[in-house]
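Please open the model in your viewer and keep the selection tool at hand. The stops below move from one selection to the next.

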Amino acid sequence: MGYEMPVTGTDIWYYFICKRESWLMSHKITPDEEDENIEIGRFIHEYRYKREKQETAIDTIKLDRIKKVNGKLVVQEIKKSSRFETSARYQLLYYLDTLKQMGIEATGELLFPEERKKKWLNGRRKKNQFWIKLWRRSGKLRRCRYRRSLTRLSFAVNVLIKNFAGRVNNVKKTLYIFKSGELRRKDNSLYFESEEGKKYIPVEDTNDIYLFGEVDVTKKFLEFASQKEIAIHYFNHYGYYVGTFYPREHQNAGHIILKQAEHYLDNGKRLLLAKTFISGSIAQMGQVLKYYRTRVAKGKEEIENLLEQFNGNIKELEKGNTVEELMAVEGHSREEYYKMFDFITSNPDFVFEKRSRRPPLNRLNALISFGNSICYTTVLSEIYKTYLDPRIGYLHTTNFRRFSLNLDVAEIFKPIMVDRLIFTMINKKMLTKKDFDKHTEGITLSEAGRRKFVAELDKRMKTTVNHRHLGRTVSYRRLIRLELYKIQKHVMEEGNYVPYHSLW
């Protein structure tokens, strides 16, 4: 004994892709809303056709776009690609059939903007009604059938686990390799071979790879990594960032690149973005100080004074007429911010003194340099998953350097990603002076120290925080991706970019 359930366009769509998932959908077991392709599809729908009326809800259906052509109503359905054209076609036919039952005559048009394709559809009501009835039958509760089917029950559980893992761990993982060895491809998988033997890499679950050891790679490996959209970041023996194997862009969008360039070449537009990045960075430094001002043994007054100064610095940004002037404000703010580190750590083995880079002259500077490098490459990996071009930055000048946009965005996340982690690891004695190597020119993290740091950073990136605008929790890594989507929206001139502001 079953019951009839209202049919939606999404139900029709999933029925022709996977009948089991369609059944799960009908029982409120939904697909992963954080799936990368779903997010890309939303972006295409929201920004590619910005001037047209969007998403009209009628009864149980939601139409992407409606317009009139020669006095006739046209319903348009927008899809990322034509890979599932059959599903898209029947989804649109269902919309046309529903409208016809309401006495509204319309024709349909399928749009695949990234492929520059479109297809016209007519009602074809009889065939469409057949498929709708078939879906309704599949949607009935067949309790005995699904209880007997262990395989399908397992599938349902796996979908739920996937959704939960996707929200907590962002699905794909980062792989850190410290040992020396070789990275190779074997058939449709990758493996790392060292003195300890072979270790296979779960390709579909790998987002990017960090190489700290002496690792040899082959052309076949790089080709496969590019095909699987895996970025590979190289660091030398001392933990300094060397470069990135950046796979061929798979989400090229010429229009967005042109818009990025336009915002760089137009001084007013570039200044607006540069000011926003710096104000976001100063605000995040302020949030870190607010968190520790009641936890420090001494330095409360100095922190309070600096927080007041930060408010003035943010206002001062509005007066800047050049990027150089803005960078001076940012540099001064960060210099004063670093002076608070000794109050927060209060550890004689980790005295800040002053900022020193290559080489870092003390342990705290070594941690900052290493952590910032990881932050830059993390943001770079996330940019690769969007339509943005990492070579076009706004705060950091786009010149002969390979990438600059990741440096801009990292300014917002370094305080909460790197600095907070450094304070935690020092104050909890998770790192000691034994985790550093002294060289003739400076001090660097030892291999053991780097292992500890990236292990804790990886945990932090998977930690979820409540996103007040989305109304749900997201991982720190997902926060970076969401930040990039906001920048996409800004360069497409669909709204002003407002940087992420953490609350503790």
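Begin by selecting helix α8 (residues 219-227), which lies across β7, β8 (189-194) and β11 and runs at about 65 degrees to β7; axes are lines fitted to C-alpha atoms, for helices over the stretch in contact (heavy atoms within 4.5 Å), and angles run from 0 to 180 degrees between N-to-C directions. Helices (H or I, at least four residues) and strands (E, at least two) are DSSP runs, numbered from the N terminus. This is a predicted model, in which local features need pLDDT of at least 70 and side-chain atom pairs count only at pLDDT 80 or more, whereas totals for chains, interfaces and linings use all residues. Residues are numbered from 1 along each chain as its sequence is written, and side-chain values use heavy atoms, with hydrogens and water left out.

Next, show the open sheet of four strands, ordered β9-β8-β7-β11 with mixed pairing, where two strands pair if DSSP finds at least two bridges between them. Because β9 (197-201) and β11 (215-217) stand at the edges with a single partner strand each, one side of each is left without a neighbour in the sheet. Strand β7 (residues 181-186) pairs with β11 in the parallel sense over three bridges, and Glu182 has Asp216 in β11 as its bridge partner.

Now select Lys179 and Glu196, which form a salt bridge with the closest N and O atoms 2.5 Å apart. Lys179 is in the loop between β6 (173-177) and β7, and Glu196 is in the loop between β8 and β9, 17 residues apart.

Move on to helix α12 (residues 323-338), which holds Glu336. Arg334 and Glu330 form a salt bridge, their closest N and O atoms being 2.8 Å apart.

Finally, select Asp208, Glu382, Arg477 and Arg481, which are linked in a network of salt bridges.

Methods: A salt bridge is a side-chain nitrogen of Lys or Arg within 4 Å of a carboxyl oxygen of Asp or Glu.
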